[in-house]
Amino acid sequence: MPPPAGASTEEDAVVVVAADAIATSAAPNAGDPEPQRDKGRRRRKKKRRPRAPTEEELAARRSLLRWACPGREVASDDGQAAEAGRARLRRPRVAVELHAHSACSDGTLSPAELVERAHRNGVKVFALTDHDTMAGVPEAVEAAKRHPVRIIPGVEISAVHSPSDESGSGAEEPVHILAYYGSWGPARPQELERFLAGIREGRYARANKMLLKLRGLGMPMKLEDVCTIAGNGVAPGRLHVARAMVDAGYVEDLRQAFSRYLYDGGPAYATGSEPTAESVVQLVCRTGGVAVLAHPWALKNPGAVIKNLKAAGLHGIEVYRSDGKVSGLSDLADTYELLKLGGSDFHGRDDKEEPDVGSVDLPVLAVLKFLEIAKPIWHNAIREIFASISERTTDLNGSNGFQRISSAGDFCIPRHSSEDPELTSVSEVEVLRTEVTDIVLTHQ
């Protein structure tokens with residue numbers, strides 16, 4: 001089969017075909033009722049019975065639950081699960097949420113309330129990924145102590161992607177990078193916090209630009225009001241501007257504010273001082289995190305963005321949504337050997353159509369693959385953290401444990417090395433403990 005027009009290599013051909021598939025899934029043909037009815041009939045005829053889970057899936061589920069809930073017995077009998085699968089189970093599932101926002105950025109629930117909601121929904125692994133801040137992570141960690149919920153410290157970092165082809169064609173577009181860290185946090189917390197603080201400062205200038213555009217459209221508002229809506233210490237974003245528009249009576253609801261004025265490239269849209277997406281990916285890798293491209297289906301040219309970010313060190317892309325897997329993006333992930341992840345992107349808006357926490361059905365094998373990539377990265381981050389704090393440590397007080405406080409402005413999580421589930425065996429803990437002791441003694 002010849003490659004699509006304009007495709008110079010096999011890789012480019014895959015990208016073009018994948019892009020077509022993404023466009024098709026994002027905008028189904030709703031104007032032709034006859035084919036739609038025929039398609040519905042075919043679906044009804046082809047409805048198949050759920051398959052039984054494989055041994056690999058069952059083993060992945062056990063492994064994931066052991067990691068998510070250490071010290072707790074897995075409440076599932078594999079034999080019964082396999083038998084249930086023959087009758088009704090599609091595949092074993094562990095509810096995982098890798099993309100959610102709290103009131104520390106543009107969500108409505110506090111981090112603790114968000115963790116409570118996740119627990120009620122059966123979530124076992126939860127990543128808090130507020131925009132450009134990790135301020136809510138300590139509260140989420142504290143709330144999770146009351147439930148069998150494993151917290152992954154995360155952040156969604158704002159960036160821009162500029163076309164890098166020789167012709168220079170194409171427009172700059174906003175890109176968001178999800179960063180996932182181990183329970184000890186980033187290896188270089190001060191560097192990360194300085195980077196995020198610069199982005200947050202730019203959000204104030206961006207909000208002011210949006211307000212100027214809205215004023216020109218006959219909708220005057222004050223920045224002070226938007227900042228009040230955002231809350232103390234929270235950098236204002238589009239959602240806060242949208243809420244101010246609702247409060248002022250300019251639009252009926254948040255959906256209307258975005259669909260008419262604040263969408264990417266809309267009449268009131270504005271950019272801030274966001275860094276390049278490549279520099280963000282490199283920063284995440286440098287600070288001991290896993291870098292994942294958020295909601296690539298919203299990009300104008302996802303193939304080009306993914307190709308460039310893979311070269312910068314990208315680990316994965318969001319492929320799964322609450323309505324299923326985006327096949328075109330799955331193909332791109334395969335092409336560039338990237339992790340296939342996803343999350344609800346929950347904000348707690350007053351919107352019945354917003355996916356709830358834990359609603360995205362991530363396959364256990366996809367989550368296990370994520371952990372296989374993430375654990376060595378997080379493990380190396382712990383080594384760097386130990387090396388860093390050992391330079392400032394003068395007294396171990398004869399303790400066999402080793403307490404560390406990771407502080408990056410408002411991000412602070414205490415942990416004990418001997419209990420850290422990132423370390424997969426007792427022998428690894430002892431090796432690390434020996435290395436830390438050697439480092440400390442060397443620097444004394």
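Figure 1. With a relative accessibility of 15%, His147 counts as buried, where buried means under 20% relative accessible area, exposed over 50% and partly exposed in between (1.4 Å probe, protein chains only). Apart from neighbours within four places in sequence, His147 is in contact with Glu116 and His119; contact means heavy atoms within 4.5 Å. Before you go on to the other views, note that this is a predicted model in which local features need pLDDT of at least 70, side-chain atom pairs count only at pLDDT 80 or more, and totals for chains, interfaces and linings use all residues. Residues are numbered from 1 along each chain as its sequence is written, and side-chain values use heavy atoms, with hydrogens and water left out.

**Figure 2. The whole protein, for orientation.** Of its 444 residues, 47% are buried. Take the contacts between residues at least 6 apart in sequence: 70% of them join residues at least 24 apart.

**Figure 3. Val94 in its loop.** Val94 is found in the loop between α4 (78-87) and β1 (96-97). Its relative accessible area is 3%, so Val94 is buried. Which residues does Val94 contact, leaving aside its neighbours within four places in sequence? They are Arg61, Leu64, Leu65, Lys124 and Val364. For one of these, Lys124, the C-alpha atom is 6.8 Å from that of Val94 in space, while the two residues are 30 apart in sequence.

Figure 4. The structure holds four aromatic pairs; rings of Phe, Tyr and Trp (its six-membered ring) pair if their centres lie within 6.5 Å, and planes under 30 degrees apart count as stacked, over 60 as edge-to-face and the rest as tilted. Trp67 and Trp378 are a stacked pair, because their ring centres are 6.5 Å apart and their planes meet at 20°. This pair links distant parts of the chain, with Trp67 in helix α3 (residues 55-68) and Trp378 in helix α14 (residues 364-390), 311 residues apart. Trp67 is buried at a relative accessible area of 5%, and Trp378 is buried at 1%. Phe370 forms an edge-to-face pair with Trp378, at 6.1 Å centre to centre and 80° between the planes. Phe370 also counts as buried, at 1% relative accessibility. Together, Trp67, Tyr180, Phe370 and Trp378 form one aromatic cluster.

**Figure 5. Helix α8 against helix α9.** Helix α8 (residues 223-230) packs on helix α9 (residues 238-247) at an angle of about 110°, and their axes are 9 Å apart. Axes are lines fitted to C-alpha atoms, for helices over the stretch in contact, and angles run from 0 to 180 degrees between N-to-C directions. That angle makes α8 roughly perpendicular to α9; angles under 35 degrees count as roughly parallel, over 145 as roughly antiparallel, 65 to 115 as roughly perpendicular and the rest as oblique. The crossing of α8 past α9 is right-handed, and a crossing is left-handed if the near helix is turned anticlockwise from the far one by less than a right angle, and right-handed if clockwise. On the α8 side, Val226, Ile229 and Ala230 meet His240, Val241, Arg243, Ala244 and Asp247 of α9. These contact residues divide into five nonpolar, one polar and two charged, where Ala, Val, Leu, Ile, Met, Phe, Trp, Tyr, Cys and Pro count as nonpolar, Asp, Glu, Lys and Arg as charged, and the others, Gly among them, as polar.

**Figure 6. Helix α7 against helix α11.** Helix α7 (residues 189-216) and α11 pack at an angle of about 155°, with 10 Å between their axes. The two helices are therefore roughly antiparallel to each other. In this view α7 passes α11 in a left-handed crossing. Glu191, Leu192 and Phe195 of α7 make the contact with Ser279, Val280, Leu283 and Arg286 of α11. By type, the residues of this contact are four nonpolar, one polar and two charged.

**Figure 7. Val284 in helix α11.** Val284 has its place in helix α11 (residues 277-286). Is Val284 buried or exposed? Val284 is buried, as its relative accessible area is 0%. Not counting residues up to four places away in sequence, Val284 touches Ile157, Ala179, Tyr181, Gly289, Val290 and Ala291. Val284 and Pro186 are 98 residues apart in sequence, with 8.5 Å from C-alpha to C-alpha in space.

Methods:
Helices (H or I, at least four residues) and strands (E, at least two) are DSSP runs, numbered from the N terminus.
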